[in-house]
Amino acid sequence: MPALTCIVGTGYVGMACVIGLAELGHSVHGYDVQLDRIERLRHGLTPYREAGIETLLRKHLAKGSVAFFDTLEAAATDAAIIVVAVGTPSRDDGSADLSAIETAIDALAALEFRRRPTIVIRSTVPPGTCDRFSERIERWGDLVYAPEFLREGSAVPDFLNPDRIVVGASTPGAAVPYVRLFEALQRPVLFTSRVNAELIKCCSNAFLALKISYANEVANLCDALYAGADDVLRGIGYDRRIGGDFLNPGIGFGGPCFEKDVKSIHHVAGQFQTGRELFSATLNVNASQPIRVVDVLEAELGDLAGREIGVWGLAFKSGTDDIRDSLAFRILDDLGRRGARVLAFDPAVPVAPLQNHCRLVPSALDAASADALLVLTEWPMFAQIDPHEYAPLVRQGLVIDGRNVLDAHRVINAGLRYRGVGRRTEPIGESVAATPLAAAY
Ligand SMILES: NC(=O)c1ccc[n+]([C@@H]2O[C@H](COP(=O)([O-])OP(=O)(O)OC[C@H]3O[C@@H](n4cnc5c(N)ncnc54)[C@H](O)[C@@H]3O)[C@@H](O)[C@H]2O)c1
């Protein structure tokens, strides 16, 4: 009989675990401190947008393979494996706030289990965390660290098709019940220590973030040289030793993971007075990238005070409605500081906490009815809109594509001025022959 698994925390990661494990044939219980979330899940409604997940949720509710509980006791006491997937946000000093994990562990420690459970921490935590927690757990359960590598927007497919399964445990035996859950996937399993597994997760995210900052540095250089970052980065990424993923220039990395995870490992490196430079550089490039976009806007439009700016995209990336730590909001704040008003549209974000200078509008064309248009999320639908539809609406005829998602030539052919990131091949108001590069040689 398959082992019963309880998932503590039904957010993005927790729900991917619930649905993914049910797809693998396991019985899964879900629990969350947000009881309205549990109520909605019981009715087949997920708290966020993720392609296909509600269909799968309803299928497994109907089959009885998943159930949601409003007490931890009801959800967890029969479970052989308990996965903790609660949030670990950044504190002001960059360190990870582990209070939700501590609360969950304390609540589990107060329960009477029918058998000794395996406790699997799936949240992202700084190295050393699980070994510190082990004393609290190992009297009544086995503690394993198993990081999650999914991407929002493809959470369940990623869960079911991982590049690797990483399991950190004090003995291989302690990891076995957890690894058995994934036997059907036939994916490589890396057994290691808990601290190694924690480092694998933090440093994987830090490396991906570094690639994004690197792509942005290259793109900024391309802008200065009137070179084309799309071709340059494609040419770099075709090298199999490098790979093209995460080499897309833009406004930088936002969202709930990369920035907090780089800050967290940067903080740990600081505590041990070792190797912080690459982490610092990654964060610094990322902090300046959104400001550059507004600087370009200001350079093109002049003083932004009293201007109305259209914004396409608020989610931190396409395929999700997640706006946590989305860089779009930092750009909106910057626009407000410079005196601009904003009309914002995102196909997945019907409501958002916006300051007074911003207004959410119901369509892309409503947002384009402004002095200039900024693209801040790479939704494919933005590229599908014929630029001739919005060209007459954009009063100053300027489009700044912060995600390089639009076809620059189509935008220009519709009579608009276009600026992307590292796509400054045709200087506005100058001929290509008069570029600094041509002058320099
Ligand atoms: N979102 C991602 O793409 C992603 C990917 C990989 C890893 N992670 C990591 O996974 C962890 C969870 O991320 P998320 O995006 O799913 O977070 P989330 O905020 O979407 O979900 C966390 C859930 O935990 C619940 N919760 C908090 N305290 C609880 C408690 N004591 N008991 C029960 N439930 C509790 C919250 O109510 C919330 O529903 C984080 O450490 C994150 O860094 C996230």
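Modeller: L283 sits in helix α12, helices being DSSP runs of H or I with at least four residues, strands being E runs of at least two, both numbered from the N terminus. This is a predicted model, where local features need pLDDT of at least 70, side-chain atom pairs count only at pLDDT 80 or more, and totals for chains, interfaces and linings use all residues. Residues are numbered from 1 along each chain as its sequence is written.

Colleague: Why is L283 called buried?

Modeller: A residue is buried if 20 or more other C-beta atoms lie within 10 Å of its own, exposed if 12 or fewer, and partly exposed in between, with C-beta atoms placed from the backbone. L283 has 23 such neighbours, so it counts as buried.

Colleague: What is L283 in contact with, leaving aside its neighbours within four places in sequence?

Modeller: V262, K263 and H266. Contact here takes C-beta atoms, placed from the backbone, within 7 Å. V262 is 21 residues from L283 in sequence, and their C-alpha atoms are 7.4 Å apart.

Colleague: And E259, what makes that one buried?

Modeller: E259, in helix α11 (residues 258-271), has 23 C-beta neighbours inside 10 Å, so it is buried as well. Not counting residues up to four places away in sequence, E259 touches F253, G254, N286 and D325. Its C-alpha is 9.8 Å from that of A287, 28 residues off in sequence.

Colleague: Let's move to the sheets. What is the strand order in the open sheet of six strands?

Modeller: β11-β10-β9-β12-β13-β14, with parallel pairing. Two strands pair if DSSP finds at least two bridges between them.

Colleague: Why are β11 and β14 said to stand at the edges?

Modeller: β11 (358-360) and β14 (417-419) each have a single partner strand, so one side of each has no neighbour in the sheet. From one strand to the next, the twist averages 20 degrees.

Colleague: How do you know that β9 and β10 pair?

Modeller: Strand β9 (residues 308-312) and strand β10 (residues 341-345) share five bridges in the parallel sense, against the at least two that pairing asks for. In one of these, E308 has R341 of β10 as its partner.

Colleague: Which helices pack on that sheet?

Modeller: Helix α12 (residues 277-301) touches β12 (372-375), β13 (398-401) and β14, and its direction makes about 165 degrees with that of β13. Helix α13 (residues 327-337) touches β9, β10 and β11, at about 180 degrees to β9. Axes are lines fitted to C-alpha atoms, for helices over the stretch in contact, and angles run from 0 to 180 degrees between N-to-C directions.

Colleague: What covers strand β4, and on which faces?

Modeller: Both faces of β4 (residues 81-84) are covered, with I81 and V83 on one side and I82 and V84 on the other, all buried. β4 pairs in the parallel sense with β1 (residues 4-8) over four bridges, and V8 stands opposite V84. β4 also pairs in the parallel sense with β5 (residues 118-121) over four bridges, where I81 stands opposite T118.

Colleague: How is the β-α-β unit made of β4, α5 and β5 handed?

Modeller: Right-handed, with helix α5 covering residues 99-109. That label applies if, with the strands pointing away from the viewer, the path from the first strand over the helix to the second runs clockwise.

How values were computed. Contact = placed C-beta atoms within 7 Å.
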